[in-house]
Amino acid sequence: SVAGVMHAQPQATLTELQISSIFEINSLGPMKLINALIPYLLKNENGGNITLVTSLNARVTWLNIGAYPATKHALAGYGDTLRREAKQNALPLRVSMIEPGSVVTPIAMSLITRQLEWCERFKDSKWTRGIHKSASAATKMLSRGMKIQWLSITPTQVAELILVSVSLENPDARYVRAAFPLLVIFYLVLFLPTHLGDLLLGSL
């Protein structure tokens, strides 16, 4: 479930086709594949380890990245349910989820540029104000020397977590890995009252 796509626009502006395609790639594809493989895993007495790569966005939703958080919520719900149903039926399936923050990938590296391009194309949209504000602020920070890599982890770090989760006899249900600044925001939003968490995310 490592494959994924992400739009650079407010969720409410997505077309029906965009919504369908991102769910097919980010959520439905992994679900269908795993369901197809489970009967083969269960033929083995020891069953198998199933590792899903979701995202911190499955629990704290970043703004103006389309339906990406919704697709990761769906995949995380699938993983939690599969793990619990396997335990309920005493089946030897060990289900883990990797929850990375921002990862240094072409999708992440181009996000701000793509958001600003969307703002230019749809400058009259009622949804432009927030995304333009956050993308412009990020652009200013980058121009002052901040690097996106400071807020991200590497694909290698994600791969290391996957290897850990598939090799253990009793892997954890979740493995969280993110750059320290994003972890701080993540835990603040999780534990703050909802209206304060909304204000914090809306200010970024």
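Asp80 is buried, with a relative accessible area of 11%. Buried here stands for under 20% relative accessible area, exposed for over 50%, and partly exposed for what lies in between, with a 1.4 Å probe and protein chains only. What you see is a predicted model, in which local features need pLDDT of at least 70 and side-chain atom pairs count only at pLDDT 80 or more, while totals for chains, interfaces and linings use all residues. Residues are numbered from 1 along each chain as its sequence is written, and side-chain values use heavy atoms, with hydrogens and water left out.

Which residues form salt bridges with Asp80? One is Arg83, whose side chain meets that of Asp80 at 2.9 Å, N to O. A salt bridge is a side-chain nitrogen of Lys or Arg within 4 Å of a carboxyl oxygen of Asp or Glu. Arg83 and Asp80 both sit in helix 2, residues 68–88, and are 3 residues apart, about one turn of the helix. Helices (H or I, at least four residues) and strands (E, at least two) are DSSP runs, numbered from the N terminus. Like Asp80, Arg83 is buried.

The other is Arg174, and here too the closest N and O atoms are 2.9 Å apart. Arg174 belongs to strand 3, residues 174–177, and Asp80 to helix 2, so this pair ties together parts that are 94 residues apart in sequence. Arg174 is partly exposed, at a relative accessible area of 27%.

These bridges belong to a network of salt bridges that links Arg59, Asp80, Arg83, Glu99 and Arg174. Over the whole structure, the search finds 6 salt bridges. One of them joins Glu120 and Lys123, with the closest N and O atoms 3.0 Å apart. Buried or exposed, for these two? Glu120 is exposed, with a relative accessible area of 52%, and Lys123 counts as exposed at 52% relative accessibility.

Strand 1 pairs with strand 2, residues 93–100, in the parallel sense over 6 bridges. Ile50 stands opposite Val95 in strand 2, and Val53 stands opposite Ile98 in strand 2.

How many residues of strand 1 are buried? The count is 6 of its 6 residues. Gly48, Ile50 and Leu52 on one side are buried, and so are Asn49, Thr51 and Val53 on the other, which leaves both faces of strand 1 covered. In a regular strand the side chains alternate between the two faces of the sheet.

Now the surface. Phe180, Val184, Leu188, Leu192, Leu196 and Leu199 make a nonpolar surface patch of about 540 Å². Patches are made of residues with over 30% relative accessible area and no salt bridge; like charges are joined within 9 Å, and nonpolar side chains (Val, Leu, Ile, Met, Phe, Trp, Tyr) within 5 Å. Accessible areas come from the Shrake-Rupley method with a 1.4 Å probe, and for residues only the protein chains shown count as cover. Helix 7 (180–191) and helix 8 (194–202) are the elements that give two or more residues to the patch, and helix 7 gives the most, with 3. Leu192 lies in the loop between these two helices, helix 7 and helix 8, and is partly exposed at 30% relative accessible area.

Last, the backbone. Most residues other than glycine have a negative phi. Asn64 has a positive phi near 65°; this residue is in the loop between strand 1 and helix 2 and is buried, at 15% relative accessible area. Ala90 also has a positive phi, near 55°. Ala90 lies in the loop between helix 2 and strand 2 and counts as exposed, at 69% relative accessibility.

Key
Two strands pair if DSSP finds at least two bridges between them.
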